[in-house]
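This briefing is intended to be read alongside the sequence and the model.

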Amino acid sequence: MEAALAEELLEIAQTTKSPTLKVHNQVPGGVHCSGDLYDAYRINLHSRIASRVLMRMGVCHYQNENDIYDLVLAQAWEEWFGVDHTIRVDVTAIKSPLKSLEFITLKIKDAVCDRFRDMYNKRPSVDTREPDMRIAGFLDQRQFTIYLDTSGEALFKRGWRTETGDAPLRENLAAGLLRVSGWKPGVPLFDPMCGSGTILCEAAQMVQGVPPGARRRFAFEKFHDFDPAPWQDMKAAIKPNPLPSEPTIFGSDISGDMVAMTRHNLKCAGILFEVPLKQIEAQQVQPPVPVEQYGSGILLTNPPYGERIGVRGDSSLEEDELAKSFYADLSKTLKQRFAGWTAFLFTADLTLPKMLRLKESRKTPFFNGALECRLFRFDMVAGFNRREEAIPAKAAAQEKAAAPEEPTSKE
């Protein structure tokens, strides 16, 4: 989601009128940007796509673990947090020649603690579950970078989710899917397999103008020099959008429990307008808005896979046969009922277009954790497939019999 994040950061700079926030290069798994500390506040408050906002403390070329220790020891950690704060260290690496990430993590922790011990004869404690401060190290083939995390808990934890289904999407991934799909508030959006409603909650907050970080706390609020006044001013400057007069966001699921969970999560997310929800099989759905009024819309969903598909039909069937049957029926529904719509299906099953018997117009790679996924786009145009599906078999045979024969030629 690097390109989507870079685009979002530019928007945050513009909408918050920040003269200092600058967006630089995209790197695997992130985007480099620069600004003052208040810009870190702004990104934490407004970014729907970022996982964390990391502040770079130092960078060096390294040959061994001692080079890493020396760089970390040289950083003025005491200017940011105190010896009574708890810490956690996380390390990631790409193509690093060093063999043990656990040993590097230990060296970083030792360097931070030794810095405090040298100054105060006391060291911070480690808390891996709920630390006050998170320190992140990153290694590539030659270079080591040390960061202080300004976010605390990962940003996808918006502070509203209390209930989830079996395989919930992370909130920032749902926001990334919405952005890559091109959806904007006001365009009809339909999730026919909504699960616990993550896509719908993200979209509804966007419609209402609720920043994703408005209901949670951040690590930067524990920094030594944290000034609460500008932070409160930033939150006070948030102006919610007018509530829509008619629904444009819709959801459904075969499970009544999932529909109830989505309704509950929408309420917890602070949504003050109606998001119509239905309990219905995905193969039976129809466009939730009249074509004459809106023309078309976006269908965006994370369809079931593996065991989750078992609730969609006859559990006595083999999983592969059940999946084929389900997607064949879903394909007919999309062709016959959603002409003019754009359908986006997010899945780890890369054979999905083949099962739908549809040719995708675009496929965007994503990673859901370590799982490689695709967002498949299907443009549901009124055409041959739709007409063919709509003609009963007998009528089609009669039509074929009545057609004049094509002339043939022989060599």
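The points below are grouped by topic, after a note on conventions.

The model is predicted: local features need pLDDT of at least 70 and side-chain atom pairs count only at pLDDT 80 or more, while totals for chains, interfaces and linings use all residues. Residues are numbered from 1 along each chain as its sequence is written, and side-chain values use heavy atoms, with hydrogens and water left out.

**Helix 6**

- Helices (H or I, at least four residues) and strands (E, at least two) are DSSP runs, numbered from the N terminus.
- Helix 6 (residues 198-208) is largely enclosed by the rest of the structure, because 10 of its 11 residues are buried; buried means under 20% relative accessible area, exposed over 50%, and partly exposed in between (1.4 Å probe, protein chains only).
- The buried residues of helix 6 include Thr198, Cys201, Glu202 and Gln205.
- Among the elements that cover these buried residues are helix 5 (171-181), strand 8 (249-253) and helix 8 (256-268), contact being heavy atoms within 4.5 Å.
- Gly209, which follows helix 6, has a positive phi, near 80°.

**Second largest pocket**

- The second largest pocket has a volume of about 880 Å³.
- Of its 29 lining residues, Glu11, Ile12, Thr15, His46 and Arg48 are the closest to the centre of the pocket.
- Two or more lining residues come from each of helix 1 (2-15), helix 2 (37-46), helix 5 and helix 6; helix 1 gives the most, with five.
- A pocket is an open set of points on a 1 Å grid over the protein atoms alone, where a 1.4 Å probe fits, with protein on both sides within 12 Å along at least five of seven lines; lining residues have an atom within 4 Å of a point.
- Grid points are joined across faces, edges and corners, and the volume is the space filled by probe spheres set on the points.

- An open sheet of four strands has the order 3-6-5-4, with mixed pairing; two strands pair if DSSP finds at least two bridges between them.
- Strand 3 (54-61) and strand 4 (87-93) are the edge strands, each pairing on one side only.
- Strand 3 runs antiparallel to strand 6 (residues 143-149), and seven bridges join them.
- Arg56 has Tyr147 in strand 6 as its bridge partner.

**Ser255**

- Ser255 lies in the loop between strand 8 and helix 8 and counts as partly exposed because its relative accessibility is 23%.
- Ser255 and Ile280, 25 residues apart in sequence, are 7.7 Å apart in space, C-alpha to C-alpha.
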